[in-house]
Amino acid sequence: VQLQACGGGLVQVGGSLRLSCTVSGSGRTFSSYVVGWFRQAPGKEREIVAAISWVGGRILYGDVAQGRFAISRDNGKNTVFLQLNSLKSEDTAAYYCAAGEVFAYSDYAKGGEYRYWGQGTQVTVSS
């Protein structure tokens, strides 16, 4: 399984970005998968931003989302999106998407539950 994340960039405070994560895997189906977005800033621990189940679209948001971010999916394109709005300087981080068979909703926020990780995309918010 491969994950390709893109959409990061440099944006001013208050701006928006839309991140994409495309999941691929020869001969695989992802019906039991959850796709999560995590972020990590220099010197800080990795934290959950949001996660969504491939089937059913069950969503979990981390505290960092604060009603400003939205996760969605397009199953036909095997792609999960993360809309980032009202960006703040503290949102500056590398954003990673991850996928795996995460069965318990309470585990959606745990990075260790995800088997596959993308390469990350940098989001820099300037003031």
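Guide: Let's start with Cys6, which is partly exposed at a relative accessible area of 39% (buried means under 20%, exposed over 50%, partly exposed in between, with a 1.4 Å probe and protein chains only). Keep in mind that this is a predicted model, where local features need pLDDT of at least 70, side-chain atom pairs count only at pLDDT 80 or more, and totals for chains, interfaces and linings use all residues. Residues are numbered from 1 along each chain as its sequence is written, and side-chain values use heavy atoms, leaving out hydrogens and water.

Now the disulfide, meaning a pair of cysteine sulfur atoms within 2.5 Å: the count comes to one. Cys21 and Cys97 make it, with their sulfurs 2.2 Å apart. The link is right-handed, with 75 degrees about the S-S bond. It ties distant parts of the chain together, as Cys21 sits in strand β3 and Cys97 in strand β9 (residues 93–100), 76 residues apart. Strands here are DSSP runs of E, at least two residues, numbered from the N terminus. Both Cys21 and Cys97 are buried. Cys6 is in no disulfide, and the nearest cysteine sulfur, that of Cys21, is 8.7 Å away.

As for the strands, β3 belongs to an open, antiparallel sheet of four, ordered β1-β3-β8-β7. Its edge strands, β1 (2–6) and β7 (69–74), each pair on one side only; pairing takes at least two DSSP bridges between two strands. Strand β3 (residues 17–24) is joined to antiparallel β8 (residues 79–84) by six bridges, and Leu19 has Leu82 in β8 as its bridge partner.
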